[in-house]
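Subject: Structure for your review

Dear colleague,

Please find below the structure that I am handing over to you. My notes on what was found in it follow directly after.

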Amino acid sequence: SRTEQERLLAQSCTLYVGNMSFYTTEEQLYELFGKCGDVKRIVMGLDKFKRTPCGFCFIEFYNRQDGEHAMAYINSTRLDDRIIRTDWDAGFVEGRQYGRG
Amino acid sequence: KKRRTNETVEIEDRLESLILRVGEKSTSSLESNLEGLASVLEADLTTYKNKILKILVDCAVSLPDKCTIYTTLIGLLNTKNYNFGGECVELLIKSMKDSLKTVKWEQARFALRFIADLVNCHVISAGSLLQLMDNFVDAALEEGVPQVRRDWFAYAVLSCLPWVGRELYEKKESELDRMLGSLEGYIKRRNKTHHNALRVFRSDTPHPQEEYLDCLWQQIKRLRSDMWVEKHIVRPYLAFDSVLCEALQHNLPQMVPQPHHPSTIYPLPQVVFRMFDYTDCPEGPSSTIILPGQHSIERYLIEEQLRHILKTYHKERKECAAQLLSYPLKNKIPLEYMIVEVMFGEIFRLPNPEFIEIAYGSILIELCKLQPSTMPQVLAQATELLFERIDTMSVTCFDRFISWFSYHLSNFQFRWSWEDWEEHTKTDPEMPKPKFIKEVLLKCLRLAYHQRIVDVVPESFAAFAPEKPEAHFKFALDPNEPGAEINGCNLAFKLVNAIKQKISQEEIQAILSDIPEGEQDRELNTLKVTVFTQTLLHLASKSFSHSFAAIAKFHPTFKTLADTEEAQICMLRSMYELWRKHHQMMVVLVDKLLKTQIVECSAVANWLFSKEMVGEFTKVYTWEILHLTIRKMNKHVNKLNKEANDARKMVEDVESESEDSDNDQSRKTMEKPTEEQVEKLEEKLEAAQADQKNLFLIIFQRFIMILSEHLVRCDTDGVNFKNPWYHWTIGRLQQIFLLHHEQVEKYSTTLETLLFTQDLDPNILDVFQQFLALRM
């Protein structure tokens, strides 16, 4: 439900990162988001058919506060010469990494 | 309790909003707004007195940039309602006491300044303010308490004087002189061992890097010789002088600062970072735009206001940049220069910046975007100046400079006039300048990719361009390939096949135990660890995720193999041999190996100081690894500490509450730990603290050993010991003390008796003494 979704978002430590270059690697993401805190996990978004990176990922921090830092300082800045967007995510679930890019 | 009616709430909210907003941009003058607001509030004083009092006192301590606006307002109210003025004063004193009790030092300082400014508005008598300040000065003169405590009281008084100095001078000159005399005595006698530890630059040329109290004292002295006249503070009360001077003044209640308690944590001393003077700033359209000198009180006041803006808006970087650039006096000062100096002063603040580093970096990016005609140039000029002076920069600031600059470049297509730095390609790569360039490019590499960085720098930069970060698997799997003669290739070959066939861990471990004939136990173990680590990480080398997954999957085998510290070091060494061209990979792998408890913190420390790592010793990533290792240990201890404390408290709470039985239900349902459980937690904590202490002992002992060896060797060879290696190594030692001072502090006595003894070389001992002086 919607309230449930809002509750999850309000305490989530996971960010959805979009508008990335298809060539951006996990390593670059670790470096940049690591500036905001300890990164627990990064799940790269993959093309449903080709299984290649397609411009988004999920970043999970250990702490909510580190995610807040990323929202404040990384959202709408550049990585690999592209302005990336970050958003709170209710939490990664297996299967969600496959998208259209 | 009576319920507040909707109407009351509405009116109170309206009053709050009116008070909060006064002084914001408006069509009418500040004076008429203040006058209007005072009349509105006067009318509501009978009904809403308490609410109004609370709002005003909150504004006084939390909006220090609007100090004079609110003092004027209280001044006007005091003329209309003397009792209300008295209650305001009482509440302010109470608020300051509370701030002191709860160690909110900045709030307490703002409260004192606000109280001082009320003298200007004829709310408080000059004599009683001096009395209060004298009590503060007495606290500064008190013997037998930490200097950091005394410093705070001296600083709090000095920082009020730009506001109230003139008034005190006119009304109580001799008392003011006497107070300043006492303060001067204290400032001259203070111990300043900490000064060198906190400096961004070791050198005072071109700009002195002054200790903060010394600097403020000089600024106040200058102000005093200018007859306490300053032109910076906006003083709305001057317009109301004729009204205000009619008012009766209040005397402050007697207030003596609470005595020192050993558990109190006082603010650390600081050093004032300076990188510009007026000659660095281009001449403005009129000669009125000039950077105030280092001892001009304006410099202090403007910097404090800019820092306040930063503090208020740091979570909203766009708004922060906008607020900084619309600083009210922007037409009188070279604002971009002052902002940049303040920003770098904050980034370089030792021991630690107030906010995470990327906060400053992202605000600087917004400043460049918002003011593209000037900001990028000023920032480039600043970078050049910092680079020029990098030889005397503290190692910790050197790291932060690299980190900021590479991050900044990554947001601006890595555009930089790299050619200007070409001459440094020919100098000793261990010197700070070439090292800076090399490390910046390595950091840029992490935010981009190899070809991008190679393409960005001129061809002459070949020596600086980072190596391609690829894995180097030392075992040849094909007997015809070079490297096939290395011992262990057979085993590696077997392992690769086994892992690819997804056989069980037991079988893998069986393969590893398949002892080749004639091997000694010890060598055998080394071989097993090396082959397994290299092979597994090689097969998983595609990405971080692959590597992490491999470590997770083969955790049992890793644990079995890494049963001694020697084996753990061997594992780290094997990882290094595979990934030595990929610093970031090594950093995340060590992090993972620590988190999964495959290797221990002490093994990492011993590995970094080992012979095999000598070539890596002055590289930045080596210290990134050591600091993350120490932080991991600190975090672990802190967590256990909290758990043990919470549990202990719960047990004690339960005991004290057992008498009054009908306590709220929620507490009862909470799991109460047994005494036995608490003891177990405390034992765990003690064990962790022992590990932590041991880790610091290992690190400091290693430092002492290599530094002493170096000093002795240089002495025998008759050469100057101050070579680049020494510079980096002593700097890194200092960095451990600074960045982890809160943790190291717990073991200072042990360190003093076991390692930093009086017979140690003074150059090494000095670093320890500077650390001790931080909280002296």
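What covers the buried residues of helix α17 of chain B? The cover includes four helices of chain B, namely α15 (335-347), α16 (357-370), α18 (395-410) and α19 (432-447). Please bear in mind throughout that this is a predicted model.

The residues of α17(B) that are buried are B:M375, B:V378, B:L379, B:A382, B:T383, B:L385, B:L386 and B:F387. Helix α17 itself runs over residues 375-388 of chain B, and its 14 residues should span 20 Å at 1.5 Å a residue; the C-alpha atoms at its ends are 20 Å apart, which agrees.

Helix α26 of chain B (residues 565-579) has 15 residues, and the distance from its first C-alpha to its last is 21 Å, close to the expected 21 Å at 1.5 Å a residue. Because 11 of the 15 residues of α26(B) are buried, this helix is largely enclosed by the rest of the structure. Among those buried residues are B:A567, B:M571, B:Y576 and B:W579.

Two of these, B:A567 and B:M571, are touched by B:L561. Leaving out residues up to four places away in sequence, B:L561 also touches B:L512, B:K528, B:V529 and B:F532. B:L561 belongs to helix α25 (residues 555-561) of chain B. Its relative accessibility is 7%, so B:L561 counts as buried.

B:L640 is located in helix α29 (residues 620-657) of chain B. With a relative accessibility of 3%, B:L640 counts as buried. Not counting residues up to four places away in sequence, B:L640 touches B:K684, B:L685 and B:A688. B:E682 is 42 residues from B:L640 in sequence, and their C-alpha atoms are 8.1 Å apart in space.

B:S748 lies in helix α34 (residues 748-754) of chain B. At 12% relative accessibility, B:S748 counts as buried, the cut-off being under 20%. A polar atom of the B:S748 side chain lies 2.5 Å from the backbone oxygen of B:E745. Apart from neighbours within four places in sequence, B:S748 is in contact with B:F768, B:F771 and B:L772.

The sheet of chain A

In chain A, five strands make up an open sheet with mixed pairing, in the order β6-β1-β3-β2-β7. Strands β6 (85-89) and β7 (98-99) are the edge strands, each pairing on one side only. Helix α2 (residues 26-33) of chain A packs on this sheet and touches β1, β2 (39-47), β3 and β6; its direction makes about 140° with that of β2(A). Helix α3 (residues 64-73) of chain A lies across β1, β3 and β6, and runs at about 150° to β6(A).

Eight of its nine residues are buried, so β3(A) is largely enclosed by the rest of the structure. Strand β1 (residues 14-18) runs antiparallel to β3 (residues 53-61), and four bridges join the two. Within this pairing, A:V17 has A:C57 as its bridge partner, and A:T14 stands opposite A:E60. Six bridges pair β2(A) with β3(A), also in the antiparallel sense, and A:V43 stands opposite A:F58. β2(A) and β3(A) form a hairpin with five residues between them, and A:R51 in the turn has a positive phi of about 55°.

Cysteines

How many disulfides are there over all chains? The count comes to zero. The sulfur of A:C57 is 11 Å from the closest cysteine sulfur, which is in A:C54; this is too far for a bond, the cut-off being 2.5 Å. A:C57 counts as buried, at 0% relative accessibility. B:C245 is likewise in no disulfide, and the nearest cysteine sulfur, that of B:C121, is 12 Å away. B:C245 is partly exposed, with a relative accessible area of 40%.

Yours sincerely

Technical notes:
Residues numbered from 1 in each chain as written. Chains lettered and ligands numbered in written order. Predicted model: local features only at pLDDT ≥ 70, side-chain atom pairs only at ≥ 80, totals over all residues. Heavy atoms only, no water. Pairing = 2+ DSSP bridges. Contact = heavy atoms within 4.5 Å. Axes fitted to C-alpha atoms, helices over the stretch in contact; angles between N-to-C directions. Expected span 1.5 Å × (residues − 1). Buried < 20%, exposed > 50% of the residue type's maximum accessible area, 1.4 Å probe, protein only. Polar contact = N/O pair within 3.5 Å; in protein donor to acceptor, adjacent residues only side chain to side chain.
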